[in-house]
Amino acid sequence: MSLADGNLPLLIPPNPVNQDLDIMRLPTITLADLTANDEYEFGARILVVLKGLVFDVTSMKEAFSPRGLFEFYPKNDITYALAKGSVLEVDARVGAESGLTDREKENLERWFTIFKNRFKIIGKTDQVDQGLYSN
């Protein structure tokens, strides 16, 4: 099953936890913070960055743990990987949105909507766009 085929999001239960969220009031968490802090190791909280926002995906621990479908996603900016529909380690470490096709940008927006409706946003990176998140 490909991440780009649109079927996988149906496996993620809805949990609208980010209503009325002011992202500019969230703490700034850098990728360096994520990779250097033991709090974000497996077993505690599993965090990923998507479009400049830090999501807590611990509720899907099996999928984001070693040997899970998204095993290379924790502690990474997964923006590029989700846009490409990739679960490869090399793509989970790219982060940037540049160089994406229109179809990949659409795919990324679908994934962003899924993540913001299902996983708690706990922080932002210094690269977040102030107008990015709106209800």
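Predicted model: local features only at pLDDT ≥ 70, side-chain atom pairs only at ≥ 80, totals over all residues.
Residues are numbered from 1 along each chain as its sequence is written, and side-chain values use heavy atoms, with hydrogens and water left out.

Now colour by secondary structure. You will find five helices and three strands, in the order α-β-β-α-α-α-α-β. Helices (H or I, at least four residues) and strands (E, at least two) are DSSP runs, numbered from the N terminus. Of the 135 residues, 47% count as buried; buried means under 20% relative accessible area, exposed over 50% and partly exposed in between, with a 1.4 Å probe and protein chains only.

Next, select residues 47-50, which are strand 1. Leu47 and Val49 are buried on one side, Val48 and Leu50 on the other. In a regular strand the side chains alternate between the two faces of the sheet.

Look for Val49 opposite Val54. The two strands form a hairpin with two residues between them, and Lys51 in the turn has a positive phi of about 50°.

Stay with Lys51 and show Phe112: Lys51 lies over the face of that ring, at 5.2 Å from its centre. A charge sits over a ring if NZ of Lys or CZ of Arg is within 6 Å of the ring centre and within 35 degrees of the ring normal.

Time for the aromatic rings. The whole structure has eight aromatic pairs; rings of Phe, Tyr and Trp (its six-membered ring) pair if their centres lie within 6.5 Å, with planes under 30 degrees apart counted as stacked, over 60 as edge-to-face and the rest as tilted. Select Phe55 and Phe115: their centres are 5.6 Å apart and their planes at 85°, so the pair is edge-to-face. Phe55 is in strand 2 and Phe115 in helix 5 (residues 102-118), 60 residues apart. Phe55 is buried, at 0% relative accessible area, and Phe115 is buried at 2%.

Finally, show Phe55, Phe64, Phe70, Tyr73, Trp111, Phe112, Phe115 and Phe119 together: ring pairs link them into a cluster.

Notes
Pairing = 2+ DSSP bridges.
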